[in-house]
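Here is a walk through one model, written for someone who likes to know the cut-offs behind each word. Have the coordinates open as you read.

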Amino acid sequence: MSPAVILAATELTEPVAGGGRLVLAALVGIALIVGLITFLKVHPFLALIVGGFAVGVVAGVDVADVVTSFTTGFGTTAAGVGILIALGAMFAKLLADSGGADEIVDAIVGRASTRSLPWAMAAVGALIGLPMFFEIGLVLLMPVIYLVARRAQLSLVTVGIPALAGLSAMHGLVPPHPGPLVAIDALGADLGTTLALGVLVAVPTVVVAGPLFAPIAGRWVPVPAPDRFEARESETVERRPSFPVTLFTVLLPVLLMMGKALADILIDDEDDPVQRVLDVVGTPVVALLIAVVVAIFTFGRGAGMDREAVATSIESSLPPIAGILLIVCAGGGFKQVLVDTGIGTRLADWAQDFDVSVIVLAWLLAVLIRLATGSATVATITASALVVGLAEGLSQGETSLVVLAVGAGSVFFSHVNDAGFWLVKEYFGISVGQTIKTWSAMETILSVTGLIFVLLLNLVI
């Protein structure tokens, strides 16, 4: 922890009156954030700032000290998580613009039989969702979902739900998505370990919520595919990168970060040259930077894009994530106020008194905030901030499991206050009730199944 954060923590905790006031401060701050986002439609960036200041003021802290704490947390998050989000956005844009995403879809779906189509769509959703934000992946995959459903004479829901499950699981559980990155940063978890465990949890979770649930949802809501998107859009590149090259490039940052995690476990000698190399290239910022550089050649130049086209693709990736970056960084500031006022420590003491599982509590907090705000990112930010004190003293693996529990809770029961709910409703052309029976039910199954597998992993870690 930096000296500035330690100083801010010292300044903030000294004037606090007691545990009751701390709990009240946390409740007021969270209620204010929920109210501003849900009822007044205030942007989460502003809501998190106001909520952070409300926590400090109600806790009896000088406003100047609250400013110091909030800006410290904001800057620390921007320096860590913000860089990763920006690099991830560049990588995803190159993947989409080069036709690499289309190559993944066609290579997997083209080889699938009618019976195995839901499984193939789940694999496509997971691979596309690994580097891409949920909304971008959904927009990219909808023409494919329409086409596959029409050709196979299956319900749009039967084909689409597995792809959505793959996208959503990656969004909630696997870095470098903003939610998991924020929780990793807040709780001090190891990214490589969290990534490896996240994949272990995500795979069976996607299977249950996707291919296994999709036929049931398809019978509940039999929706024929619309006639639009009869053909894929014409290519804007000379050629697509091949499937092996695309797959290697997509998995490269994952392999680098997981390699570092495995080296930390298997190699005891810190001077070992292999471990020293993996410690550098497996660092999240370096791994993603390497992936972007490689993608410039495999996706950009490999697809026949000239320097100007590559530069334009990378440049156009940043404006859409400006809002996400501000929300995430403001969440870092809010988290720091909660930590510095001692609210996290108070919650940890309470949990120990009542013998509450850290994993279950983290999941429940994320669920409650998700239901109230509709935002998976806000749920992750707030829940991870509240359980910081609980994560202290946990092993590296246990801390990663708490991160995954928060991520699983953050996708619970998407409903009318979630933008993703309306996006799915409109693309699938179904009613609100049908969206709840399909999309919302899938998200709930995804969340609960994710928690179950996290708890099972906790038995052996």
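## Ground rules

This is a predicted model, so to speak of local features pLDDT has to be at least 70, side-chain atom pairs count only at pLDDT 80 or more, and totals for chains, interfaces and linings use all residues. Residues are numbered from 1 along each chain as its sequence is written, and side-chain values use heavy atoms, with hydrogens and water left out.

Helices here are DSSP runs of H or I with at least four residues, numbered from the N terminus. Buried means under 20% relative accessible area, exposed means over 50%, and partly exposed is in between, with a 1.4 Å probe and protein chains only.

## Salt bridges

How many salt bridges are there? The count comes to six, taking a salt bridge as a side-chain nitrogen of Lys or Arg within 4 Å of a carboxyl oxygen of Asp or Glu. One of them pairs the side chains of Glu 103 and Arg 240, at 3.6 Å from N to O. That pair links distant parts of the chain: Glu 103 is in helix H5 (residues 100-109), Arg 240 is in the loop between H11 and H12, and the two are 137 residues apart.

Arg 240 also forms a salt bridge with Asp 106, where the closest N and O atoms are 2.7 Å apart. Arg 240 sits in the loop between H11 and H12 and Asp 106 in helix H5, so this pair ties together parts that are 134 residues apart in sequence. Asp 106 is partly exposed at a relative accessible area of 32%, and Arg 240 is partly exposed too, at 26%.

Now for another pair: Arg 370 and Glu 443 form a salt bridge with their closest N and O atoms 3.3 Å apart. Arg 370 is in helix H18 (residues 358-373) and Glu 443 in helix H23, so parts that are 73 residues apart in sequence get tied together. Both Arg 370 and Glu 443 are buried. Salt bridges with shared partners, meanwhile, join Glu 103, Asp 106 and Arg 240 into one network.

Asp 190 is worth a click. You'll find Asp 190 in the loop between helix H9 (178-187) and helix H10 (191-212). Asp 190 is buried but has no salt bridge, and the nearest side chain of opposite charge, Lys 260, is 4.2 Å away. For that label, Lys and Arg count as positive and Asp and Glu as negative, while His and the chain ends are not counted.

What does the side chain of Asp 190 reach at 3.3 Å? The backbone nitrogen of Gly 192. A polar atom of the Asp 190 side chain also lies 2.8 Å from the backbone nitrogen of Thr 193. Leaving out residues up to four places away in sequence, Asp 190 touches Lys 260, Ala 261, Gln 396 and Ser 400, where contact means heavy atoms within 4.5 Å.

Helix H9 itself is mostly covered, with nine of its 10 residues buried. Among them are Pro 178, Leu 181 and Ile 184. Just after H9, Gly 188 takes a positive phi of about 70°.

## H12 against H14

The axes of helix H12 (residues 243-266) and helix H14 (residues 284-300) come within 8 Å and cross at roughly 170°. Axes are lines fitted to C-alpha atoms, for helices over the stretch in contact, and angles run from 0 to 180 degrees between N-to-C directions. H12 and H14 are therefore roughly antiparallel to each other, a label for angles over 145 degrees.

On the H12 side the meeting residues include Val 245, Leu 252 and Met 257, and on the H14 side they include Pro 284, Ala 291 and Phe 299.

## Single residues to look at

Lys 41 has a positive phi near 60° though it is not glycine. Lys 41 is in the loop between helix H2 (19-38) and helix H3 (44-58), and is exposed at 64% relative accessible area. Gln 153, in the loop between helix H7 (134-152) and helix H8 (156-173), has a positive phi near 55° and is exposed at 69%.

Ala 217, in helix H11 (residues 214-220), is buried at 0% relative accessible area. Ala 217 touches Val 157 and Thr 438, not counting residues up to four places away in sequence.

Definitions and conventions
Polar contact = N/O pair within 3.5 Å; in protein donor to acceptor, adjacent residues only side chain to side chain. Parallel < 35°, antiparallel > 145°, perpendicular 65-115°, else oblique.
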